[in-house]
Protein chains: 6
Amino acid sequence: MNEQMRAILYAEDDESLREELMEAMVAAGYNVLPAESGTTAITTLRSEGARIVGLVTDINIGSGPDGWEVARTARELNPDIPVVYVSAHSDEVWAANGVPNSVMIAKPFVATQVVVALSMALNAVPHVPQSSSEAN
Amino acid sequence: MNEQMRAILYAEDDESLREELMEAMVAAGYNVLPAESGTTAITTLRSEGARIVGLVTDINIGSGPDGWEVARTARELNPDIPVVYVSAHSDEVWAANGVPNSVMIAKPFVATQVVVALSMALNAVPHVPQSSSEAN
Amino acid sequence: MNEQMRAILYAEDDESLREELMEAMVAAGYNVLPAESGTTAITTLRSEGARIVGLVTDINIGSGPDGWEVARTARELNPDIPVVYVSAHSDEVWAANGVPNSVMIAKPFVATQVVVALSMALNAVPHVPQSSSEAN
Amino acid sequence: MNEQMRAILYAEDDESLREELMEAMVAAGYNVLPAESGTTAITTLRSEGARIVGLVTDINIGSGPDGWEVARTARELNPDIPVVYVSAHSDEVWAANGVPNSVMIAKPFVATQVVVALSMALNAVPHVPQSSSEAN
Amino acid sequence: MNEQMRAILYAEDDESLREELMEAMVAAGYNVLPAESGTTAITTLRSEGARIVGLVTDINIGSGPDGWEVARTARELNPDIPVVYVSAHSDEVWAANGVPNSVMIAKPFVATQVVVALSMALNAVPHVPQSSSEAN
Amino acid sequence: MNEQMRAILYAEDDESLREELMEAMVAAGYNVLPAESGTTAITTLRSEGARIVGLVTDINIGSGPDGWEVARTARELNPDIPVVYVSAHSDEVWAANGVPNSVMIAKPFVATQVVVALSMALNAVPHVPQSSSEAN
């Protein structure tokens with residue numbers, strides 16, 4: 001992640017939580033793009049493309065698309081992108097609405113949980129050939 | 001699965017495939033309830049309740065709800081229910097539309113793959129006990 | 001498992017269930033030693049030694065040691081032995097009393113679930129050097 | 001883990017090790033309740049209830065209950081609680097005495113190993129909701 | 001696997017074992033291409049291409065390339081192909097010579113172990129876009 | 001890892017990357033032995049023996065043995081040693097050349113990914129009895 005371009009997209013409407021978690025991810029070495037709503041998150045996914053290598057998202061992020069929809073869009077654009085949900089929702093809601101191979105971290109949590117989950121998921125990302133987007 | 005009530009719900013609109021796979025699951029000892037459309041599958045999930053302990057579903061199953069929607073409904077009713085998708089869709093579509101902790105089996109497949117996937121998933125289902133709320 | 005000596009130890013006091021499950025394991029190619037009580041199971045573990053390469057055990061198996069104790073003894077003798085519990089107990093009881101890296105199959109179940117769980121666990125057994133028993 | 005109530009219970013009789021590891025967990029954001037013996041740990045588990053969301057325990061912790069017994073008690077009270085053993089014991093002893101889905105970290109270790117193991121285990125804890133009995 | 005083209009490549013020089021295991025895989029529904037040496041196996045991998053969707057291989061298969069080399073060639077041609085080694089070698093040798101995400105089944109084994117391992121591995125194969133070979 | 005002897009071997013020919021990653025591992029509490037070439041790494045593995053409890057290696061490390069060969073040598077000496085590859089190579093190359101149960105971290109990465117991968121892998125190392133080296 002030395003290349004300045006690569007970034008983690010983090011969708012969170014709660015400003016104080018967003019700043020706390022961004023700080024922890026930046027301290028861990030990640031380049032983080034914040035989005036304060038689902039609409040902004042999806043716009044960023046579409047405009048920034050392959051630069052976004054991971055998604056951390058809250059579920060309820062104001063009006064517009066929620067975190068479930070943001071994650072589905074991210075996976076449509078990049079089927080291998082790691083997804084970490086941070087949410088006050090129960091795991092039961094995640095079992096019905098989450099995407100496969102994602103992580104659900106229930107609030108309250110410590111920032112270390114998110115950094116560890118994100119790091120593990122990035123390590124496990126399988127290779128995506130250059131031309132995979134055409135195949136869709 | 002000696003109790004006559006417990007059953008696997010299998011949603012498939014292709015009659016010949018449905019009969020072939022049902023035969024294999026029954027030979028493996030499972031009690032199987034077939035559904036020839038998404039509408040029938042969801043009706044069965046709602047009417048049969050806890051009797052349904054596993055879901056095997058194709059994706060394109062005629063008009064009405066597709067297999068993605070059947071699985072989400074199954075998980076809303078029972079967050080721990082094992083889900084096995086059998087589909088001609090690519091894994092990439094599953095990565096965006098599937099539920100967590102599910103299995104995707106691409107067509108063409110052999111029936112043994114479904115029997116093994118279903119058996120493993122049933123073994124791994126965590127118990128949610130009557131009294132768990134008191135324990136917390 | 002062509003070598004006549006290797007065997008799966010199966011501890012079950014219910015005769016009809018024992019015969020049904022033995023038949024399924026034998027049909028899958030396994031050589032099975034039945035034990036109708038925990039006392040017999042532990043005696044067999046001690047006398048047959050390295051010949052026993054897997055354990056399938058019910059929990060309540062008459063008076064004497066229960067299945068939890070049989071499994072702990074099996075792991076003291078061979079730390080890598082696969083353990084499959086088949087039980088009417090809940091997963092919650094297993095979470096407190098089972099051994100690590102074991103499988104819990106809740107009754108009612110189909111015999112295929114046990115055959116698949118046992119086969120997967122045998123595939124995953126890590127190498128045990130000749131002298132590991134002395135190291136204990 | 002912003003809620004002040006939630007805590008990790010850490011049972012360790014070696015004062016210098018306890019302080020070193022507590023410091024690391026607190027630096028990672030966790031709220032930690034130390035216990036200098038098995039008796040204290042079990043008393044804390046019973047009195048603090050659902051406030052304890054994870055257990056880190058040494059095995060030999062003076063007279064009274066050892067770490068294996070502390071972990072079994074924790075799982076009887078909360079079947080989903082993450083358990084991390086830190087011990088000079090071999091993995092072989094853990095294979096016979098540990099609880100399912102636990103982590104064994106052999107001494108000598110670095111504190112980062114415990115923080116990572118604990119964070120991963122907390123992320124993976126399945127939710128057991130208030131109303132799950134009705135849903136079944 | 002209804003499409004006649006798809007096949008499992010099985011490299012084994014021991015004729016009686018080859019016939020026994022082929023029979024079990026065919027009974028499970030798989031279309032199997034046998035190879036009695038490493039040279040034949042590699043020739044088949046190169047000539048049959050994407051038709052080969054899984055590899056089962058012994059290690060010592062006469063003169064010429066051994067099973068380790070067959071598996072590496074298979075992965076160079078298709079990085080996602082499931083690999084199951086059946087061998088009298090210890091797991092220790094596999095830890096140094098096997099490919100990632102492969103399964104090692106030690107002799108003696110029952111054919112069911114191979115069928116279950118192969119079925120699980122096929123279920124888990126991630127999507128490989130049409131054009132992935134060009135990307136290499 | 002309090003014992004001064006235990007160490008992680010880190011093979012990397014790029015001096016600035018080596019210093020950055022060493023610093024991160026040391027900050028996480030690990031004792032790290034750097035090797036600036038494959039030849040040095042293999043010499044260190046042979047001379048330091050059981051003191052080396054983990055391997056982090058780049059793939060292209062000047063002339064002499066590459067990272068794939070360093071990892072195979074490490075596993076021949078210690079079949080359970082955790083292996084983490086950090087490389088600009090694709091996962092596809094790893095699927096054909098890596099060892100089982102290893103982790104591949106693609107460049108560019110952040111040091112936290114390596115620390116988390118290494119910590120997880122060390123936690124999961126199974127027990128190796130004293131005499132296992134003789135068994136090889």
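**Where chain F meets chain E**

Hi everyone, let's start at the interface: 15 residues of chain F and 15 residues of chain E are in contact, meaning heavy atoms within 4.5 Å. Before going on, this is a predicted model, in which local features need pLDDT of at least 70 and side-chain atom pairs count only at pLDDT 80 or more, while totals for chains, interfaces and linings use all residues. Residues are numbered from 1 along each chain as its sequence is written, and side-chain values use heavy atoms, without hydrogens and water.

Together, the two chains bury about 1300 Å², with 53% of that on carbon and sulfur atoms; buried area is the accessible area (1.4 Å probe) lost on putting two parts together, summed over both. On the chain F side, F:E92, F:A96 and F:P100 lose the most area to chain E, together 40% of what that side buries.

What about polar contacts? Two residue pairs across the interface of chain F and chain E make one, both at pLDDT 80 or more. That term means N or O atoms within 3.5 Å; within protein, one must be able to donate a hydrogen and the other to accept it, and residues adjacent in sequence count only if both atoms are side-chain atoms.

Now, over to a residue in chain E. E:E48 sits in helix α2, residues 38-48, helices being DSSP runs of H or I, at least four residues, numbered from the N terminus. The side chain of E:E48 makes a polar contact with that of E:R51, at 2.8 Å. Between the C-alpha atoms of E:E48 and E:N123 there are 21 Å, and the two residues are 75 apart along the chain.

Methods
Chains are lettered from A and ligands numbered from 1 in the order in which they are written. Helices (H or I, at least four residues) and strands (E, at least two) are DSSP runs, numbered from the N terminus.
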